[in-house]
Amino acid sequence: MRRFKPALACTTLTFLLLSFVATPATASEPDEVSEEEITSSQGPSPYVEADTEEEAMRKLDAIEKEHPQGISAQAAYKRYGPTLHPAGFHTRKSAGYKYGGVKPVTVCTKKVTGIKMASQLRVKNGLMWVKAGIEIPQTANDKDLRTGGKYKKKYYTVKFTQTNMKYKCKGTKKHKWSASSIGRLRYQGRTLWARVTSPILSVPCGPH
């Protein structure tokens, strides 16, 4: 398997990245996926360099095949650099538990010039997992790129969390939820990609 280069140090640039107008295409995923596909990539994902999303997905497929039981956050970061971490679906206390979503996190030890994440909820329907709602994208602003923070007790130079997902629940019957998230990161004119799947959780939130 080809070894991928980690992202190294870079200077902070003005975040005027026209290429970030396009959303990472989680919407290109099939409407239905199997349980095996949902459980195959539930750990953190390294960001890998690629010219296109298709090339990036092939590289990430290869990493998952090399680590069928998942890759640890420590190993991913030591070998590849920045990482994308999944987060489980939950309903928001602040919204009276009537709305839910996921909050994937990208962390970097060096400054980068752009981060964008997009997440697509999935709910179990019979034997398959189907899309729920639409894909929700969020782009890091200048403040996000300048602000570091702690994630799992470790400090990172950049920590960006997707926080804008607000899916309205239909009823409170428990359903099994997950989500797919794709991250795209810009560093020294290069584009890096990551992909994660949220852990399966049974949550009192009905799909609509």
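I started with C205, which counts as buried at 0% relative accessibility (buried is under 20% relative accessible area, exposed over 50%, partly exposed in between, with a 1.4 Å probe and protein chains only). Before going on, I noted that this is a predicted model, where local features need pLDDT of at least 70 and side-chain atom pairs count only at pLDDT 80 or more, while totals for chains, interfaces and linings use all residues. Residues are numbered from 1 along each chain as its sequence is written, and side-chain values use heavy atoms, with hydrogens and water left out.

**Disulfide.** I looked for cysteine sulfur pairs within 2.5 Å and got one disulfide. C169 and C205 make it, with their sulfurs 2.0 Å apart. The torsion about the S-S bond is -100°, and the link is left-handed. C169 sits in the loop between β13 and β14 (174-187), C205 in the segment after β16 (201-204), and the two are 36 residues apart. (Strands are DSSP E runs of at least two residues, helices H or I runs of at least four, numbered from the N terminus.) C169 is buried too, at 13%. I also checked C108, which is buried at 2%.

**Rings.** Next I searched for aromatic pairs (Phe, Tyr and Trp, the last by its six-membered ring, with centres within 6.5 Å; planes under 30 degrees apart are stacked, over 60 edge-to-face, the rest tilted). The whole structure gives two. F89 and W177 are stacked, because their centres lie 4.4 Å apart with planes at 10°. F89 is in the loop between β4 (83-85) and β5, W177 in β14, so this pair ties together parts 88 residues apart in sequence. F89 is buried at 2%, and W177 at 0%. Y167 and W177 are edge-to-face, with centres 5.4 Å apart and planes at 65°. F89, Y167 and W177 form one cluster.

**Sheet.** β6 (residues 99-101) and β13 pair antiparallel over two bridges (DSSP must find at least two for strands to pair). The open sheet runs β5-β6-β13. β5 (90-91) and β13 (167-168) are the edges, each with a single partner strand, so one side of each has no neighbour in the sheet.

**Helix α2.** I finished on residues 53-66, where α2 reaches 20 Å from first C-alpha to last. E53, A56, M57, K59, L60 and I63 are buried. They cover an arc of only 160° around the axis, which puts them on the same side of α2 (the arc uses directions from the helix axis to the C-beta atoms). The face turned away carries exposed E54, R58 and K65.

Technical notes: The expected span of a helix is 1.5 Å times one less than its number of residues.
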